[in-house]
Amino acid sequence: MSATDLDTAASVRPHDDSPFVRACRGLPHDHVPVWFMRQAGRALAEYRAIRERHTFEEVVHTPELAAEVTLQPVRRYGVDAAILFSDIVTPVQALGVGVEIKPGVGPVVERPFRTTGDLDRLRPLEPDDVDFVLDTVSILVRELPVPLIGFAGAPFTVASYLIEGGPSKSYSRTKALMYGEEPTWHRLMERLAGITLASLTGQVERGASAVQLFDSWAGALHPDDYVRYVLPHSRHILDEVGALGVPRIHFGVGTGELLGAMAAGGAADVVGVDWRVPLAAARRRIPTGVGMQGNLEPASCLGPWEGVEQRVRDVLTAADGAVDHIFNLGHGVLPATDPAVLQRVVDLVHREGRVEDRRGRGAEPADG
Ligand code: CP3
């Protein structure tokens with residue numbers, strides 16, 4: 001994208017001057033931005049209070065409720081970004097694929113995909129199919145004091161739920177299709193990529209400031225297989241969303257060996273790093289000019305504050321004042337987390353995180 005395009009995008013989109021969006025673009029800003037994956041959810045009493053009266057599906061399908069739970073962590077913690085409250089299976093659900101989100105388990109598919117004919121259950125997504133999601137985005141863009149991150153599941157991760165029928169440890173059915181019936185595999189991935197792209201485009205058109213593509217389970221793949229069977233489809237989505245002028249974050253779990261590929265060829269502006277990879281090592285794997293998001297161990301927040309504090313400082317030290325670092329957990333907030341701990345994390349990052357503008361210093365280290 002040219003500088004002129006960026007300027008145009010900056011002039012029309014709310015929160016483009018926020019630390020979060022500027023960090024995504026590698027531009028200087030005044031504090032290290034922080035938000036948490038799954039910041040809205042069961043760790044919050046105010047979320048559980050809503051869930052006592054409504055099912056997860058009701059919340060997702062009712063724009064006022066979905067907007068309210070998206071806002072809850074922003075009010076409570078003062079995080080630098082909100083993430084739309086929805087689910088990665090929402091678009092395929094909207095196309096009529098029966099998926100139940102079981103508490104404590106995750107998405108469970110009524111009739112898992114087992115034959116080529118199942119592809120026909122995935123027609124292209126129209127905006128009307130997910131009007132409740134887009135209406136939620138509109139409410140949030142109006143009410144939020146910080147940028148809204150739109151999101152979708154990447155084709156591999158959504159396919160793994162459709163094929164396995166639910167969460168999996170081995171992804172054996174998914175991989176059997178991938179290795180055994182490559183043309184069918186690519187047709188499935190193309191259909192899911194189309195659905196994902198339509199969903200993200202709708203969210204951006206309604207005013208989302210950035211998007212995150214969740215390929216949560218891509219870490220189950222050998223890097224060569226990731227590049228052959230998965231990356232082209234995710235790349236297609238990210239390239240098209242990039243043309244809309246919003247930053248793109250590409251995230252997965254256990255992706256230490258995939259980090260370089262996930263950002264190759266300008267496909268992503270920021271790569272999400274899980275807690276298993278030291279941020280300094282991730283930096284060496286992710287191309288220069290691409291930012292990093294992460295990567296506090298989520299479970300560390302279940303331990304005493306002193307340990308959390310040390311780990312937060314370690315992440316900040318490893319990030320080394322980079323303009324393109326966004327502080328986050330390495331994966332989602334665990335439901336047992338005490339919100340008071342997350343509050344202290346936000347405050348500590350805001351107080352002690354530093355952002356250095358190294359522009360014009362060439363390759364020289366900041367201190368000399
Ligand atoms: O705050 C946020 O991050 C926004 C909301 C969000 C949810 N799911 C809320 C949710 C987002 C971005 C997602 C995406 C999602 N959904 C992913 C990708 C992110 C990741 O964690 O890697 C995945 C793999 C899913 C599938 C899914 N949906 C799982 C694994 C679960 C958890 C099951 C459980 O009960 O532990 C869900 C349900 C879900 N999605 C909940 C929330 C808050 C819990 C629902 C409840 O019972 O209240």
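Predicted model: local features only at pLDDT ≥ 70, side-chain atom pairs only at ≥ 80, totals over all residues.
Local features need pLDDT of at least 70 and side-chain atom pairs count only at pLDDT 80 or more, while totals for chains, interfaces and linings use all residues. Residues are numbered from 1 along each chain as its sequence is written, and side-chain values use heavy atoms, with hydrogens and water left out.

**Exercise 1. Describe helix α15: its span, its start and its packing.**

Step 1. Helices (H or I, at least four residues) and strands (E, at least two) are DSSP runs, numbered from the N terminus. Helix α15 covers residues 339-352, 14 residues in total.

Step 2. The expected span is 1.5 Å times one less than the number of residues. For α15 this is 20 Å, and the distance from first to last C-alpha, 20 Å, is close to it.

Step 3. At the start of the helix, a side-chain oxygen of Asp338 comes to within 2.9 Å of the backbone nitrogen of Ala340.

Step 4. Buried means under 20% relative accessible area, exposed over 50%, and partly exposed in between (1.4 Å probe, protein chains only). In α15 the buried residues are Pro339, Val341, Leu342, Val345, Val346, Leu348 and Val349. An α-helix has 3.6 residues a turn, so residues three or four places apart point the same way.

Step 5. Contact means heavy atoms within 4.5 Å. The buried residues of α15 pack against α5 (63-77), β8 (291-296), α14 (305-319) and β9 (325-329).

**Exercise 2. Find which residues of α8 meet which residues of α9, and state the class make-up of the contact.**

Step 1. From α8 come Phe156, Ser160, Ile163 and Glu164; from α9 come Ser172, Arg173, Thr174 and Leu177.

Step 2. Ala, Val, Leu, Ile, Met, Phe, Trp, Tyr, Cys and Pro count as nonpolar, Asp, Glu, Lys and Arg as charged, and the others, Gly among them, as polar. The contact of α8 with α9 therefore has three nonpolar, three polar and two charged residues.

**Exercise 3. Determine whether His186 is buried or exposed, and which residues it touches.**

Step 1. His186 belongs to helix α10 (residues 182-205). Its relative accessible area is 19%, so His186 is buried.

Step 2. Not counting residues up to four places away in sequence, His186 touches Arg228, Tyr229 and His233.

Step 3. The C-alpha atoms of His186 and Tyr229 are separated by 7.3 Å, although these residues are 43 residues apart along the chain.

Technical notes. Polar contact = N/O pair within 3.5 Å; in protein donor to acceptor, adjacent residues only side chain to side chain.
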